[in-house]
Each structure stands twice: as C-alpha cells, then as structure tokens.
Amino acid sequence: MADTTKFSDGTVRLERDDEGVARVVLNDPDRRNALSVAMTDGIEAAIDDLEGGDTRCVVFEGEGPAFCAGGDIDSMLDRQESQEPVDHAVRHVIQEIGRCVKRVYECEFPTVAKIDGAAFGAGANLAIACDVTALHEDAQIGFGFREVGLAVDSGTSYLLPRLVGENVAKELVYTGELLSAERAEELGVVNHAVGDDEFEARVSMLVDRIASGPTVALRTSKRLLRSEFATLGEAIEHEAGAQATVFDTHDHAEGVDAFTEKRQPEFEGR
C-alpha cells in the first residue's frame, strides 16, 4: 500500500511504499511540470519529509507527457513586471530553481530519475542531479538555454561536465542539441535508454535492486562519491573513517554471513 502526501496544493506528490521506496512526482502536467516556485518548494518539502527516515531509494518522475520542461517562464515574467529590478528578479528565480536542483543532488538517499517525457534546461539538470537516470526511448533531454538567448543556469556548469567531460558539455551547450535517448546514453548524460516494452520493468528492477541494498552503506558511499577530494590519499582517509562506522551495522554482519553461507543477503537497512 502506498502512502501519499501532497505538497504545494498537489503540485508535488510524494508516494511511499512498505519497501522503503518513495516517489516524488512532479504533478503539474498542464504546464509540463515547469519549475515554478510552488514546484520547487514542493520538491524541497518532499525531500525534507523523507530525510532522517528509513527511505531506501527515491524515484523522481513527471506526471503527463513531460518530465520537466525547465524553468517557469511565467514566474520570471511576473517578477519582471514587479517593481523589482530585472537583474534582481531573474537572479531570485534562478537561485530558487538552483537551490531545488542542489537539494536533489545533495539529499542523503540514493535517487533515480525516471524520465519518460521531455527534460529541458533546468528540467534536464533536475534529472541529472539524480544518482541514476533512465530515459524512455521516445523521450528527449537537452540543455538548450541558447534557444531562448540565455546562458546556462540551475547547475549546468557543474553537473554536465562531470558527466560528459568539458568539451562535450561545451558542444551540447553551444549547439543546444536536443538529445535522443540513444544519443544521451551514448554520451553518458543518462545511464539507461530503454525501449517502451521494457521501460517500466527496467526502472522497477533498478529501484528494487537499490532499495534492497544495505542502506547505511549505500548512503555513505553516495556521500563519498559526491565529495571532491583533492588527492587520492585524502579520499582513502575519508573512506577509512566512513568504513569504520559502516562496519558496525547489522547489514554488514548479514552480508558477511550470507557470503560465508553462499546465499543472497537479506539487508534490513540498518
């Protein structure tokens, strides 16, 4: 049975099951799930609601034909029509969206982006801020800020080069290429490009595999992988400290027992 909570008047829907899997659903299909103030507030509220709990994996997905069409143009226009100077208005909106992307990127639990519709601009950044991404074969993803005469924002300059390298990131930004699922997988923008017949099953298999893992160890591994260590030695030192903590968990003991008994481990997330 899924437990459902709504945020921002239903603009974001949070669903939780009994297996530790949560789904953050962007629920504004009429606006192609654009990142309005209500949407970004709702996403952050959903993450706040989950953190500190026993969540084992979180799936981000969009209701309707789009995953997320990017920044909300209406919000920007509303601010431009206010008495606030234009540069202040734009900065404020972009910072709100960027803060939301950052929140997704830095949240403590493993995340999966289920992209079964268009993901553009800031919406593409929201997707690649997740740890693992699956893109439906009919969906597209792109960082075409140039198409509306804008520079990159919402974390593009940090996230994209780390996935595809600096030169490829520059090309994608300069040309505004809209990537097919196959091309996105080839470049490493997403982890998986999946056909229609397999999409739901592949995502479910991926999520189940993550959710059935040793929760403390996976959260710790995520934190280590997201850290920017200056040297290999620094990384090893931090890993040693983290491992000392994970070593004392129930799931580590279960993993050792399962290995010696030649069976599959049954991790409990503790």
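Student: Which residue in S4 is the bridge partner of valine 25?
Tutor: The partner is glutamate 61. This is a predicted model, in which local features need pLDDT of at least 70, side-chain atom pairs count only at pLDDT 80 or more, and totals for chains, interfaces and linings use all residues. Residues are numbered from 1 along each chain as its sequence is written, and side-chain values use heavy atoms, with hydrogens and water left out.

Student: What makes S3 and S4 a pair?
Tutor: Strands are DSSP runs of E with at least two residues, and helices are runs of H or I with at least four, both numbered from the N terminus. Two strands pair if DSSP finds at least two bridges between them. S3 (residues 21-26) and S4 have six bridges, in the parallel sense, so they meet the definition. Leucine 26 takes part too, with glycine 62 as its partner in S4.

Student: What hand does the crossover from S3 to S4 have?
Tutor: The chain goes from S3 through helix H1 (residues 37-50) to S4, and this β-α-β crossover is right-handed. The word applies if, with the strands pointing away from the viewer, the path from the first strand over the helix to the second runs clockwise.

Student: Why is S4 called largely enclosed?
Tutor: Buried means under 20% relative accessible area (exposed is over 50%, partly exposed in between; 1.4 Å probe, protein chains only). Six of the six residues of S4 (residues 57-62) are buried, so the strand is largely enclosed by the rest of the structure. Cys57, Val59 and Glu61 point one way, Val58, Phe60 and Gly62 the other, and all are buried. S3 is also largely enclosed, because five of its six residues are buried.

Student: In which sense does S4 pair with S6?
Tutor: S4 and S6 (residues 111-115) pair in the parallel sense, over four bridges. Valine 59 stands opposite valine 112 there.

Student: How do S2 and S3 run, and how many bridges join them?
Tutor: They run antiparallel, with five bridges. Valine 12 is opposite leucine 26 in S3. The two strands form a hairpin with four residues between them, and glycine 20 in the turn has a positive phi of about 90°.

Student: What makes S1 and S11 edge strands?
Tutor: The open sheet has seven strands in the order S1-S2-S3-S4-S6-S8-S11, with mixed pairing. S1 (3-7) and S11 (192-194) each pair on one side only. S11 pairs with S8 (residues 132-136) in the parallel sense over three bridges, and leucine 135 stands opposite alanine 193.

Student: Which residues touch the most other members of the largest nonpolar core?
Tutor: Such a core is a set of buried Ala, Val, Leu, Ile, Met, Phe, Trp, Tyr and Cys residues joined through side-chain atoms within 4.5 Å. The largest has 50 residues, and Ile43, Ile141 and Val189 touch the most other members. Helix H3 (residues 86-106) gives the most to this core, with six residues. Another core, of 12 residues, lies apart from it and includes Val21, Ala134, Val194 and Val203.
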